[in-house]
Amino acid sequence: RYHLAKPLIAAVAGYAVAGGLELSLLADMRVVEEDAIMGVFCRRFGVPLIDGGTVRLPRLIGLSRAMDLILTGRPVTANEALNFGLANRVVPRGESLKAAIDLAQEIASFPQDCMLADRTSAYFSTYSAPSLEEAFRYEMEGGSQAALEAQRGAKQFTQGVGKHGAFDNPKSKL
């Protein structure tokens with residue numbers, strides 16, 4: 001309910017409102033179809049957010065924008081969601097699942113120890129770190145655990161892989 005061990009990408013088609021919005025907030029990233037609508041529609045019926053919406057939404061898009069959605073219950077279009085940071089990608093109608101799977105495959109192709117350490121550190125910094133210093137300490141510890149992978153990647157970079165913005169897949173060469 002609170003945090004998953006691996007990245008989760010939500011494919012949003014149609015309406016993601018109330019509990020559907022909260023479920024999408026559990027994901028690390030949201031791929032939203034151009035005609036999708038998101039919002040806290042449960043506001044209209046006196047039903048509170050109880051699945052992390054009041055916790056995740058302000059951290060994701062900021063308190064002011066979150067309060068706009070939480071207090072008004074208004075619909076949010078895909079483009080507005082993208083501008084808010086609620087959506088990470090907007091895709092044509094009918095393409096969200098394919099785009100989310102493609103994104104997941106891209107992320108899965110990267111060296112995993114480093115990616116998971118950085119992801120965990122970002123969540124710790126956002127939700128759990130009691131101080132900035134503790135967040136930096138946690139980041140360093142996680143990064144140190146991925147040292148072998150980092151050494152291999154740095155060696156590849158010095159050999160020309162990925163230079164000048166090339167987006168090669170270094171994992172295939174590890």
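## Ala18

Ala18 is buried, with a relative accessible area of 16% (buried means under 20%, exposed over 50% and partly exposed in between, with a 1.4 Å probe and protein chains only). Ala18 sits in the loop between strand 2 (15-17) and helix 1; helices (H or I, at least four residues) and strands (E, at least two) are DSSP runs, numbered from the N terminus. Most residues other than glycine have a negative phi. Ala18, which is not a glycine, has a positive phi of about 55 degrees.

## Basis of the model

This is a predicted model, in which local features need pLDDT of at least 70 and side-chain atom pairs count only at pLDDT 80 or more, while totals for chains, interfaces and linings use all residues. Residues are numbered from 1 along each chain as its sequence is written, and side-chain values use heavy atoms, with hydrogens and water left out.

## Helix 2 and helix 3

The axes of helix 2 (residues 53-61) and helix 3 (residues 63-72) come within 7 Å and cross at roughly 135 degrees. Axes are lines fitted to C-alpha atoms, for helices over the stretch in contact, and angles run from 0 to 180 degrees between N-to-C directions. Helix 2 and helix 3 are therefore oblique to each other (under 35 degrees is roughly parallel, over 145 roughly antiparallel, 65 to 115 roughly perpendicular and the rest oblique).

On the helix 2 side, Thr54, Leu57, Pro58 and Ile61 meet Leu63, Arg65, Ala66, Leu69 and Ile70 of helix 3, contact being heavy atoms within 4.5 Å. The residues of this contact divide into seven nonpolar, one polar and one charged; Ala, Val, Leu, Ile, Met, Phe, Trp, Tyr, Cys and Pro count as nonpolar, Asp, Glu, Lys and Arg as charged, and the others, Gly among them, as polar.

## Nonpolar cores

A nonpolar core is a set of buried Ala, Val, Leu, Ile, Met, Phe, Trp, Tyr and Cys residues joined through side-chain atoms within 4.5 Å. The largest has 24 residues, of which Met38, Leu57, Leu69 and Leu86 touch the most other members. Strand 1 (9-12), helix 1 (19-26), helix 2, helix 3 and helix 4 (78-84) each give two or more residues to this core.

Beyond its neighbours within four places in sequence, Leu57 contacts Leu25, Gly52, Gly62, Ala66, Leu69, Ile70 and Leu86. A second, separate core of eight residues includes Val31, Val91, Ala100 and Met115.

Ser96 lies in helix 5 (residues 96-108) and counts as buried at 4% relative accessibility. Leaving out residues up to four places away in sequence, Ser96 touches Ala11, Val12, Ala13, Val31, Glu33 and Val91.

Gln145, in helix 7 (residues 132-145), counts as exposed at 69% relative accessibility.
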